[in-house]
Every structure is written in C-alpha cells, then in structure tokens.
Amino acid sequence: MSAVITIANLRKQYSYAKRGRGLFGGFSPQHVSIEAVDGVSFQVERGERVAVIGPNGAGKSTTLKMLSGILEPTSGEASVLGLTPWRDRKALAYRIGVVFGQRSQLWGELPARDSFNQLRHIYDQDKAVFEKRLGEMVKRFALAELLDQPVHRMSLGQRMRCEITASLLHGPGLLFLDEPTIGLDVTAKAAIRDFIRDHARDHGQTVLLTSHDTRDIELVCDRVIVVNAGRVVVDQPTDQLRRRFLGRKIVTLLFNGAQIVLDLPGVTRRASDAHAVVLDVDTRLVRVEQVITAALAHGGVEDITIEDPPMEEVIHDIYASAVTTQ
Amino acid sequence: MTSTHLPSRPNEASRAASALLSAFRLGAGQTLAGWPVLVGRCIFYVILLIVLSALWDKVVAERLPGTLAGELPAGGLALYIGVTEWITLALPAVHLKLEDDIRSGGLEPHLLRPKSYLAQTFSQSLGAAMVRLGALGVTALVLLAVSGREPPPWEAFAYIVPLGVLGVVVGILLYALAGLMAFWARRTLPFQLVIQKLMFLLGGLYAPVTLYPPLLEAVAKASPFAAHLYWPSIQAIVTSREGFLTGLAWQGFWIVVLSYACLSLWRAGLAKVLREGGV
C-alpha cells in the first residue's frame with residue numbers, strides 16, 4: 001500500500017480580536033489566539049476508509065480544510081496525493097471529491113442534470129466518460145426520477161444522493177466527507193452509508209470522513225482517528241474501538257405507574273424522575289432485549305427509546321482512557 | 001473510475017472558455033427557470049417608463065427659455081430613460097451573491113474546484129443579464145410601437161445594443177466590487193448604496209449628464225457610471241458614430257480597470273480566507 005495522505009506535526013492557530021470593555025472598547029481590542037489543531041500527525045494508505053471524529057471544536061473540520069487546500073496551516077507539513085494542498089489547491093481539486101453535509105454544491109433553482117453538466121465543464125471532463133459515470137451513479141443511487149427535478153424541491157435525502165454523485169463525477173481518488181448523513185432519516189442514512197462504502201471498496205477509493213454519528217463510523221470506516229483539543233488521542237481500527245468504547249446503549253423508559261427498578265448485571269441508572277428512568281446498559285454483560293423484557297414485565301411502560309451513548313461521552317471515555325494509559 | 005484528469009496546458013484556454021460558456025448558460029437557464037420574476041421585471045419596466053416618460057414629456061412641453069427644461073431635447077428623453085432603465089433592470093444582484101457566499105462560508109465548495117469562482121460568478125451573472133436584456137428589450141420595442149412615439153433612427157439601435165451589453169458588463173463589475181468588500185466589511189449594503197447613488201448622479205440615470213455645468217459634465221462623462229448608463233443611452237437622442245466610438249472607448253477602459261480592481265480585491269480576500277478560515 002502507498003500513503004495517499006501524510007501529515008506531520010500540523011498546527012493551526014486562529015486569532016481574533018476581542019472587543020474591550022466600555023463605550024470605546026472597539027478601539028482597544030484584545031487579540032486572542034486559539035490552537036485549533038495542535039501538532040496532528042497521521043498517514044492514510046490508498047483504499048483506506050478513515051473516520052476523523054471528536055467533539056465540537058476538536059479540530060477535525062479544520063484538519064479536513066487544511067487537507068483539502070482551503071486553509072493554510074500555521075506550521076507543519078502535509079502531502080495529499082503527492083501535492084501540498086494549500087500550495088496546489090487547484091491541481092488537487094481535480095483529484096479529490098468533497099461533500100459538506102451542511103452545504104450544497106448544486107445550483108438550487110436548476111435540475112440536478114444542469115448542475116452535473118456544469119461540473120463536467122468545471123472539471124474538464126470528456127463527455128463520454130462523464131455520461132458513463134453519471135449513468136453508473138443514476139443506476140446505483142436511483143437518481144433517474146431526480147435528474148430533471150430542481151434541487152430546491154428535493155428532500156434532504158434526495159439532495160444528499162445528488163451531492164455525493166456530484167462529488168464523484170470527475171473520478172476522484174480521494175473523497176472527503178464532512179458530516180454526510182447529518183439531518184437525514186434512518187433509511188436515507190443507510191442508503192448513503194452503503195453507497196459510500198461499496199463505491200470506495202469497488203473503486204479502490206480512499207475516504208476521509210468526519211461525523212458525530214457512530215453508525216457512520218461503524219458501517220463505513222475501517223479505521224478511526226479521534227481528535228480532542230486539536231490532538232490525536234486515539235488512532236486504531238474500528239473493530240477494536242467498538243469493542244473498547246461502543247459496547248453501551250442508553251435505554252429510556254417512560255412509565256405511568258410505580259418507579260421501575262431493574263436489578264440486572266450491567267444496568268446502571270443514569271437519571272430518573274416520577275415518570276421516566278434513563279438506564280446505561282453495558283451490552284457486553286446484558287442484552288438490550290433482556291432489559292426491555294424485564295421492564296415490560298414490571299408493567300406500566302408507555303414508551304421505550306434505545307440510543308447510542310452521546311458521541312461526547314464516547315469521546316470522553318476515549319480521552320479519559322488515553323490520558324490514563326499515557 | 002478513479003482516474004486522474006489533469007488538463008494539458010495547450011488545451012487550458014479552450015477548457016477555461018468552455019467552463020465560462022457553461023456558466024453563462026447556467027446563469028441564463030436560472031433566469032429563464034424563474035420566468036415569473038422575469039415577467040414581473042418587464043411589467044415593472046413598463047410602469048416605470050409610462051410614469052417617467054409622462055413626467056419628462058410634461059417638463060419638456062413647457063420648454064421655458066433659460067430654465068433646465070429649455071435645455072432638454074424634445075421628445076427624446078423618454079427614449080433616453082427607456083435605455084437607462086433597460087440596462088439598470090437587467091443587472092443581476094451579483095453583490096448579494098458574493099456577500100452571501102463570502103459571509104456564509106458558501107465559498108468553500110467553490111474553492112475546492114479547479115476553476116476560478118470569480119470568473120464563474122461573473123460569467124453566470126452575465127448569462128442572467130443577457131436574458132433580462134433580451135426580455136426587457138422586446139418589452140421596450142413593443143411599448144415604443146404601442147405608444148406611437150417617434151422611434152430613434154435605425155442606426156441608433158445598432159449603437160445602443162453593443163453599448164448596452166458593455167454597459168451591463170460595467171454595471172456587474174461595479175456591483176461585484178461592492179460584493180467583494182464582504183471579505184472585510186461583512187455587510188455590503190453601504191457600498192451598494194454609494195454605487196447606486198453615483199449611478200444616479202454621475203451615470204445620468206434620469207437625465208443626461210450634459211445638463212450639468214461643464215466641469216461636472218466632463219467628470220461625469222469620464223466616470224465608470226457614465227460608461228454604465230450615459231454612453232449607451234445618449235445614442236437614443238443624439239445618435240452619432242463619434243458618440244458611439246467615444247462610449248465604446250470609455251467602456252473598454254473601465255472594463256479593464258474595474259476587472260483589475262475586482263481581481264485585486266478577490267486575491268486579497270481569498271488570501272485572507274485561506275489564512276483565517278473565514279471572514
């Protein structure tokens with residue numbers, strides 16, 4: 001395997017002017033610096049699917065921006081597909097695809113087909129090659145009905161399928177995905193994850209993904225890099241990480257009778273009030289199904305919610321673990 | 001599928017031109033897709049012309065010696081206003097698009113593409129403006145025929161059309177300058193208002209700048225605002241080959257200067273965004 005991305009001791013410091021106090025505070029601002037990325041180093045091999053995760057403000061989007069060439073680092077080095085991203089931004093653009101979950105790259109008033117066609121000209125694509133690629137995407141992503149529909153009339157899920165198609169039409173070898181499933185329903189998320197994983201596997205494409213959704217990480221990526229406070233705190237295969245940190249579920253029970261008390265191994269009470277109890281379930285010790293059965297047997301249950309632990313908690317666990325093992 | 005496609009240098013110019021042409025078509029397509037807005041714009045144009053031509057016809061009819069009205073050419077002012085409004089209403093709000101993209105971070109997806117965002121945006125705006133010029137032009141001709149007003153000589157149309165198109169180019173560049181200020185000021189409304197007022201004052205939006213005292217007239221005629229409005233519009237009342245060529249020269253000059261100014265602002269703003277990650 002050969003390295004597609006190599007970064008060494010990458011740093012990014014932002015500074016901004018903080019207004020002073022009082023009526024004339026604007027004339028004497030204080031300059032504040034923030035270390036958004038603080039000496040990050042890692043390598044990504046060709047064909048790897050890597051998730052970069054972390055809490056808000058951890059520095060993952062800043063890292064992604066530097067790797068795609070739209071942000072200059074304060075110091076450090078990076079090589080992406082043999083190019084220095086911030087010096088060779090336009091040359092790199094031909095070879096990478098980028099999807100921002102919260103930003104559209106399509107032209108809203110026009111049919112998706114027109115956006116795709118415009119991108120063909122922007123990326124200097126041969127018409128026959130472009131048509132072949134679009135045909136594959138249309139088939140794989142069931143886009144036939146959407147091609148002639150104005151983008152602003154599409155649902156978020158439909159739009160995201162078109163966004164991903166747009167990012168792949170020039171055949172990039174490396175795909176950056178920033179929160180690609182944000183705001184989507186369960187079905188749409190599943191379709192997007194399946195497509196990204198299968199497409200990357202079939203075409204030997206390298207993927208670098210950021211997400212707050214642990215399912216994106218589990219189902220798409222084979223390696224996870226966790227950043228916190230601008231530093232890499234964990235870098236390991238997804239399977240290992242799952243075993244270490246994702247073996248918990250949060251079960252919320254709403255009830256209308258007596259307080260529910262479950263005496264099961266691996267079940268701890270996180271919070272409770274007169275009509276609800278939130279349980280932390282260690283799935284290595286007890287199955288969620290057993291917890292639900294016990295709760296229903298207790299009687300008076302009105303509603304049940306099962307969730308993954310919040311990403312912040314997982315990150316906190318990972319970070320705490322990283323600190324204790326250092 | 002993951003083939004790398006880097007353009008070879010000899011083909012770069014033709015590929016860049018092809019992308020610009022495609023952006024032009026995209027802008028035209030967007031304007032046509034919003035045809036109800038285009039129709040509304042034409043209706044507004046008709047209302048403006050009816051009101052303003054009635055006003056100027058009344059002023060000119062008085063023709064009191066020694067007053068401003070005495071200096072005005074009889075009958076032609078309605079045609080003059082018809083051309084200034086034809087150009088003004090054809091301008092797309094390029095400053096708002098630039099401001100929105102720069103402030104919202106919408107610039108990022110564009111920076112990840114191999115073609116210049118500024119050139120693409122300009123070309124797209126020009127495509128939108130050309131569709132509007134066409135629709136408003138047809139409206140003007142129909143209104144002229146219905147009004148029974150004496151039309152300008154035929155050669156005037158041959159002069160007005162190219163000068164009008166270039167006037168729109170100057171207008172887009174002026175508004176682009178205002179929009180690019182979003183890199184530093186975030187809000188571009190003050191810059192837009194200044195440009196609008198100068199178009200009114202120095203561009204001769206409602207009356208030719210020949211009405212000004214000689215010094216002010218000379219300053220106005222040499223300004224980019226006159227290149228935007230006055231030089232195309234004056235052909236409707238004083239049709240001349242000399243006037244056409246003079247207007248063309250001023251427009252060429254200002255297109256070069258304003259393009260350079262836009263490019264300089266863009267480069268400085270882009271450097272700021274790449275360094276600071278936003279505005």
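From the N terminus on, the elements of chain B run α-α-α-α-α-α-α-α-α-α-α-α-α, which amounts to 13 helices and zero strands, where helices (H or I, at least four residues) and strands (E, at least two) are DSSP runs numbered from the N terminus. This is a predicted model, in which local features need pLDDT of at least 70 and side-chain atom pairs count only at pLDDT 80 or more, while totals for chains, interfaces and linings use all residues. Residues are numbered from 1 along each chain as its sequence is written, and chains are lettered from A and ligands numbered from 1 in the order in which they are written.

**Overall form of chain B**
- Along its principal axes, the C-alpha trace of chain B spans about 75 × 35 × 35 Å.
- Of the 279 residues of chain B, 43% count as buried, meaning that 20 or more other C-beta atoms, placed from the backbone, lie within 10 Å of the residue's own.

**The enclosed helix H12 of chain B**
- Eleven of the eleven residues of helix H12 (residues 224–234) of chain B are buried, so this helix is largely enclosed by the rest of the structure.
- Among the buried residues of H12(B) are B:Phe225, B:His228, B:Tyr230 and B:Trp231.
- The buried residues of H12(B) pack against helix H4 (77–90), helix H8 (154–180), helix H10 (189–201), helix H11 (214–221) and H13 of chain B.

**Where chain B touches chain A**
- 29 residues of chain B are in contact with 34 residues of chain A, a contact being two residues whose C-beta atoms, placed from the backbone, lie within 7 Å.
- The largest share of the side of chain B that touches chain A, nine residues, comes from H1(B).

**A helix pair in chain A**
- Helix H5 (residues 156–168) and helix H6 (residues 186–203) of chain A pack at an angle of about 15 degrees, with their axes 10 Å apart; axes are lines fitted to C-alpha atoms, for helices over the stretch in contact, and angles run from 0 to 180 degrees between N-to-C directions.
- H5(A) and H6(A) are therefore roughly parallel to each other, the term for angles under 35 degrees.
- The contact is made by A:Gly157, A:Met160 and A:Ile164 of H5(A) and A:Ala188, A:Ile192 and A:Phe195 of H6(A).

Technical notes. A residue is buried if 20 or more other C-beta atoms lie within 10 Å of its own, exposed if 12 or fewer, and partly exposed in between; C-beta atoms are placed from the backbone. Angles under 35 degrees count as roughly parallel, over 145 as roughly antiparallel, 65 to 115 as roughly perpendicular and the rest as oblique.
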